[in-house]
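Please keep the sequence and the model open while reading.

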Amino acid sequence: MEEKPEPLERIRSLFNEISPQFDNWVNTLQGKVYGYVTWEHLKKYLPLDKNSLILDAGGGTGRWSLPLAKMGYSVILCDISQGMLKQAENKIHKEGLSDKVKIQEEDLTNLSYADQMFDFVLCEDGPISISDSQKVVRELVRVLKKKGKIWASVLGRYSLALTEVAKDPEKALKHLSLSDVRPKPPPCANSPPPETFIIYDQSSSPGADDCLIDAYYPMETCL
Ligand SMILES: C[S@@+](CC[C@H](N)C(=O)[O-])C[C@H]1O[C@@H](n2cnc3c(N)ncnc32)[C@H](O)[C@@H]1O
């Protein structure tokens, strides 16, 4: 029987495979609208001090690292997929931002960074949902400076229902009625105070009251 690869290996190979096309979606009308509303929400939470160090966790092809670097921040973009990082590297080099953005291969469930290293942590478009949510959250909190902020989007019930609706409307409705979700992880020893963690469902409008997530979704639903 063929052996199933480890979850992290599946994530890595999935994103390596789609990395050359990833920015195609970003450049569609839907991708641009998503990018616009996301940026409008995100920018309100960015540190005032432009000398701040930002971690773009699971930063992929650098969709957010580039504008952040252009604003003057120093950014570390880390990701598990070399394919995604290669795309990011090409764009960063082309834009002359290599001194502002460092690219590193890292696993978000086990980061090599020191405690309290970053002023701000960004984790956009699902890395928390794709990998082991609790381990990722624990690591993001660990590397964040006291008084820092983590800004993240996850696959919540809206995203899941949207991806399901064309295939199976009943299942989509079930997701919306919350009968099929995994509850939020319980607070752990180093749980951040609520104001530290800005987290929303990536398919709803950032900033709307009802976009705050009420559940994380298991990895199997995303891959
Ligand atoms: C949908 S992409 C989003 C990329 C980027 N944040 C953006 O908004 O364009 C999700 C990214 O999370 C990365 N990722 C998922 N699990 C990860 C893990 N455990 N460690 C590091 N990166 C991970 C994937 O490789 C992929 O690049």
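**Lead points**

Gln116 is partly exposed, with 14 other C-beta atoms within 10 Å. On this scale a residue is buried if 20 or more other C-beta atoms lie within 10 Å of its own, exposed if 12 or fewer, and partly exposed in between, with C-beta atoms placed from the backbone. This is a predicted model, in which local features need pLDDT of at least 70, side-chain atom pairs count only at pLDDT 80 or more, and totals for chains, interfaces and linings use all residues. Residues are numbered from 1 along each chain as its sequence is written.

**Overall chain**

- The chain has eight helices and eight strands. These are DSSP runs numbered from the N terminus: helices are H or I with at least four residues, strands are E with at least two.
- Of the 223 residues of the chain, 35% count as buried.
- Among contacts with a separation of 6 or more, 71% join residues 24 or more positions apart. Two residues are in contact if their C-beta atoms, placed from the backbone, lie within 7 Å.

**Ligand shell**

- There are 22 residues around the ligand, and Gly58, Gly60, Ile80, Asp125 and Ser131 come nearest. A residue is near a molecule or strand if its C-beta atom, placed from the backbone, lies within 6 Å of it.
- Helix H1 (7-26) and helix H5 (127-130) each supply at least two residues of this shell. H1 gives the most, with three residues.
- By class, the shell has nine nonpolar, seven polar and six charged residues. Ala, Val, Leu, Ile, Met, Phe, Trp, Tyr, Cys and Pro count as nonpolar, Asp, Glu, Lys and Arg as charged, and the others, Gly among them, as polar.

- H1 bends by about 65 degrees at Ser19, and Pro20 follows within four residues. The bend is the angle between axes fitted to the seven residues ending at a residue and the seven starting there.
- Ile11, Arg12, Phe15 and Ser19 of H1 are buried. Helix H4 (82-94) and H5 are among the elements that cover the buried residues of H1.
- H1 and H4 pack at an angle of about 30 degrees, with their axes 7 Å apart. Axes are lines fitted to C-alpha atoms, for helices over the stretch in contact, and angles run from 0 to 180 degrees between N-to-C directions.
- H1 and H4 are therefore roughly parallel to each other. Angles under 35 degrees count as roughly parallel, over 145 as roughly antiparallel, 65 to 115 as roughly perpendicular and the rest as oblique.
- H1 contributes Phe15, Asn16, Ser19, Phe22 and Asp23 to the contact, and H4 contributes Gln82, Gly83, Met84, Lys86 and Gln87. These residues divide into three nonpolar, five polar and two charged.

**Positive phi**

- Most residues other than glycine have a negative phi.
- Gln116 has a positive phi of about 50 degrees although it is not a glycine. Gln116 sits in the loop between E3 and E4.
- Lys147 is also not a glycine, and has a positive phi of about 75 degrees. Lys147 belongs to strand E5 (residues 144-154). Lys147 is exposed, with 9 other C-beta atoms within 10 Å.

**Buried positions**

- Glu106 lies in the loop between strand E3 (101-105) and strand E4 (118-123). Glu106 is buried, with 21 other C-beta atoms within 10 Å.
- Not counting residues up to four places away in sequence, Glu106 touches Cys78, Ile80, Leu111 and Ser112. Glu106 and Asp79 are 27 residues apart in sequence and 5.4 Å apart in space, C-alpha to C-alpha.
- Ile54 is in strand E1. Ile54 counts as buried, with 26 C-beta neighbours inside 10 Å.
- Beyond four places in sequence, the contacts of Ile54 include Leu68, Tyr73, Val75 and Phe118. The C-alpha atoms of Ile54 and Val75 are separated by 4.8 Å, and the two are 21 residues apart along the chain.
- Ile128 is in helix H5. Ile128 is buried, with 27 other C-beta atoms within 10 Å.
- Not counting residues up to four places away in sequence, Ile128 touches Cys123, Ser133, Val136, Val137, Ala152 and Val154.

**An exposed loop residue**

- Lys43 lies in the loop between helix H2 (29-42) and strand E1 (53-57). Lys43 is exposed, with 12 other C-beta atoms within 10 Å.
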